[in-house]
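Work through the exercises below with the sequence and the model at hand. Each task is followed by a solution in steps.

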Amino acid sequence: MEGRCVQDWVTIRAGASSNGFAVAQGSEGWLDLGDVEDLVFILDVRELQAPTVVKMAYETSPTRQETSFVSMVSPFLMTTGVRVDRVFATYAPIPPARYVRWRLVPVTNAAYDVTFRIWVATYSWVRSAS
């Protein structure tokens, strides 16, 4: 097992817009997993001020291409506190690929403000020599 920081403490303040103003992690912060197959995400939300509901999604892609990212975990409602999500390659509908990032998706078109960090515990399969 290896612990990795997906996102150090960050505060996202998003204004209202016609599309709800989703915010995705920038490409410089995407985590390169290499040959890792199982993930455990730890989301720590310290502050959430929103007249709307904000969802978090963990996304993965086999390449560093914006359009190839898909959600590994169904977007979930953010609340203050700690949340743990498991993504195991054997059971996940969308297993982890090489790159991982987060995305915030507001449910309505109102402004929001959230402070959080994300860690991930990564597990690689150990292959024995034959």
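Two strands pair if DSSP finds at least two bridges between them. Strands (E, at least two residues) are DSSP runs, numbered from the N terminus. This is a predicted model, in which local features need pLDDT of at least 70 and side-chain atom pairs count only at pLDDT 80 or more, while totals for chains, interfaces and linings use all residues. Residues are numbered from 1 along each chain as its sequence is written, and side-chain values use heavy atoms, with hydrogens and water left out.

**Exercise 1.** Find the partners of strand E5 (residues 54-61) and state how many bridges join E5 to E6.

Solution. 
- Step 1. E5 is joined to strand E6 (residues 70-71) by two bridges, and the two run antiparallel. Here Thr60 is opposite Val70.
- Step 2. Strand E7 (residues 76-77) is also antiparallel to E5, again with two bridges. In this pairing Met56 faces Phe76.
- Step 3. With strand E9 (residues 99-106), E5 forms eight bridges in the antiparallel sense; Glu59 has Arg101 as its bridge partner.
- Step 4. Seven of the eight residues of E5 are buried (under 20% relative accessible area with a 1.4 Å probe, protein chains only; over 50% is exposed, and partly exposed lies in between).

**Exercise 2.** Give the strand order of the four-stranded open sheet and identify which strands stand at its edges.

Solution. 
- Step 1. The order is E1-E10-E4-E8, with antiparallel pairing.
- Step 2. E1 (2-14) and E8 (81-88) each have a single partner strand, so one side of each lacks a neighbour in the sheet.
- Step 3. Strand E4 (residues 38-49) and E8 are linked by eight antiparallel bridges, and one of the bridge partners is Phe88 in E8, for Asp38.

**Exercise 3.** Classify the aromatic pair of Trp102 and Phe116.

Solution. 
- Step 1. Rings of Phe, Tyr and Trp (its six-membered ring) pair if their centres lie within 6.5 Å; planes under 30 degrees apart count as stacked, over 60 as edge-to-face and the rest as tilted.
- Step 2. The structure holds four aromatic pairs. Among them, Trp102 and Phe116 have centres 5.1 Å apart and planes at 90 degrees, which is edge-to-face.
- Step 3. Trp102 is buried at a relative accessible area of 3%, and Phe116 is buried at 0%.
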